[in-house]
Amino acid sequence: MSHRCGTVALAGRPNTGKSSLLNRLVGEKLSIVSSRAQTTRHLVTGILTRPDCQYVFVDAPGMQSFHRGKLNRALNLRASEAAGGADVVGWVLEAMRLSDSDREALAGVPADVRIVAIVNQIDRVKPREKLIPFLARVDQERRFAAIFPVSALSGENCGALLDSLRDALPEAEAIYPADQLTDRDERFFAAELLREQLFRNLGEELPYACEVEIASFKEEGRLRRIEATIWVERDSHKPIVLGEKGGRLKQMATAARKGMETRFGGKVYLGTWIKVKRGWSEDERLLRSLGHK
């Protein structure tokens with residue numbers, strides 16, 4: 001059997017479970033996950049190597065229709081570039097929901113790119129027979145290489161999805177070592193794991209006004225000594241992130257540190273600082289330093 005290797009970009013509107021799906025397919029938590037839409041801000045590569053195929057998955061930010069600031073334009077551009085540069089695009093949508101935002105994300109995939117429709121969250125559909133007319137509706141949207149109903153939560157049908165994606169990838173040798181899971185470094189994951197806690201623990205709007213920057217990352221034997229800055233847009237945001245007597249920040253930092261220790265396989269010291277930068281999401285210099293340009 002010939003060996004295949006290629007890039008599979010996961011595209012779609014926010015909050016369809018693209019990050020959870022990447023983690024499920026790769027078998028490792030690489031993309032941060034929260035119940036909020038638009039948690040993903042960076043391209044996250046997950047590599048799955050099998051004897052006959054190397055899959056290079058790219059989790060892209062969801063296409064955002066309603067926010068037009070510099071940060072959001074950068075995220076949409078990142079998502080479009082990921083789709084345009086992939087061998088195959090997995091258009092991820094939520095089972096039983098086909099919205100204008102889904103169609104807008106689909107329209108952002110170039111016409112000459114091979115595309116697979118991935119209908120996620122089928123574990124929520126009962127009885128399952130309700131999926132049949134919905135899948136027929138999806139089939140009318142575009143000429144798909146395949147349509148796969150899956151559950152990133154339970155893993156249902158994900159093995160069959162991998163088999164189908166393999167057939168859609170080009171014949172090629174592996175481009176990464178067999179034991180490599182991602183092309184991102186530990187500094188990147190440190191920032192993401194702390195940002196994940198902001199999305200999980202802060203109020204409805206505040207996580208979108210926050211960003212994390214790693215000011216210092218030093219390895220001292222098996223210890224990683226990390227200093228992180230949490231950027232917020234207003235003075236009034238700072239006490240909310242801190243919480244009463246600093247309790248909320250301590251809770252979030254502790255959870256992030258434990259995630260880092262699991263991810264890195266060693267002890268972590270994490271220092272966190274909150275800084276106010278009005279309009280940081282419109283500041284091109286800061287956005288560039290945060291990896292958004």
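These legends walk you through several close-up views of a predicted model.

Local features are included at pLDDT of at least 70 and side-chain atom pairs only at pLDDT 80 or more, while totals for chains, interfaces and linings use all residues. Residues are numbered from 1 along each chain as its sequence is written, and side-chain values use heavy atoms, with hydrogens and water left out.

**View 1. Six strands make up an open, mixed sheet.**
Reading across the sheet, the order is β2-β3-β1-β4-β5-β6. Strands here are DSSP runs of E with at least two residues, helices are runs of H or I with at least four, and both are numbered from the N terminus. Two strands count as paired if DSSP finds at least two bridges between them. The edges belong to β2 (44-50) and β6 (146-149); each has a single partner strand, so one side of each lacks a neighbour in the sheet. From one strand to the next, the twist averages 25 degrees. Angles run from 0 to 180 degrees between N-to-C directions, and axes are lines fitted to C-alpha atoms, for helices over the stretch in contact.

**View 2. Strand β1 pairs with β3 and with β4.**
β1 (residues 4-11) runs parallel to β4 (residues 88-94), with four bridges between them. Its pairing with β3 is parallel as well, over seven bridges. Ala 9 faces Val 89 in β4. Seven of the eight β1 residues are buried, so the strand is largely enclosed by the rest of the structure. Buried means under 20% relative accessible area, exposed over 50%, and partly exposed in between, using a 1.4 Å probe and protein chains only.

**View 3. Helices α1 and α5 pack against each other.**
For α1 and α5 (residues 158-168), the angle is about 85 degrees and the axes are 10 Å apart. That makes α1 roughly perpendicular to α5, a label used for 65 to 115 degrees; under 35 counts as roughly parallel, over 145 as roughly antiparallel and the rest as oblique. Leu 21, Arg 24 and Leu 25 of α1 meet Cys 158, Leu 161 and Leu 162 of α5. Contact means heavy atoms within 4.5 Å.

**View 4. Thr 45 sits in strand β2.**
With a relative accessible area of 9%, Thr 45 is buried. Its side chain makes a polar contact of 3.4 Å with the side chain of Asp 183. A polar contact is a pair of N or O atoms within 3.5 Å; within protein, one must be able to donate a hydrogen and the other to accept it, and residues adjacent in sequence count only if both atoms are side-chain atoms. Leaving out residues up to four places away in sequence, Thr 45 touches Leu 30, Val 56, Phe 57, Val 58, Leu 181, Thr 182 and Asp 183.

**View 5. Glu 192 belongs to helix α6.**
Glu 192 counts as buried, at 6% relative accessibility. Its side chain is joined to that of Arg 195 by a polar contact of 3.0 Å. Setting aside neighbours within four places in sequence, Glu 192 is in contact with Ile 32 and His 42.

**View 6. The largest nonpolar core contains 54 residues.**
A nonpolar core is a set of buried Ala, Val, Leu, Ile, Met, Phe, Trp, Tyr and Cys residues joined through side-chain atoms within 4.5 Å. Leu 21, Phe 57, Ile 226, Ile 230, Val 241 and Met 260 have the most contacts inside this core. Helix α6 (residues 186-201) supplies the largest share, seven residues. Apart from this core lies another, of 21 residues, including Ala 11, Leu 106, Val 113 and Ile 122.

**View 7. Strands β7 and β8 form a hairpin.**
Two residues lie between the strands, and Gly 221 in the turn has a positive phi of about 70 degrees. β7 (residues 211-220) and β8 pair in the antiparallel sense over nine bridges, with Glu 219 opposite Arg 224 in β8. β8 also runs parallel to β9 (residues 268-276), again joined by nine bridges; there, Ile 226 has Leu 270 of β9 as its bridge partner. Seven of the 10 residues of β8 (residues 223-232) are buried, so this strand is largely enclosed by the rest of the structure.
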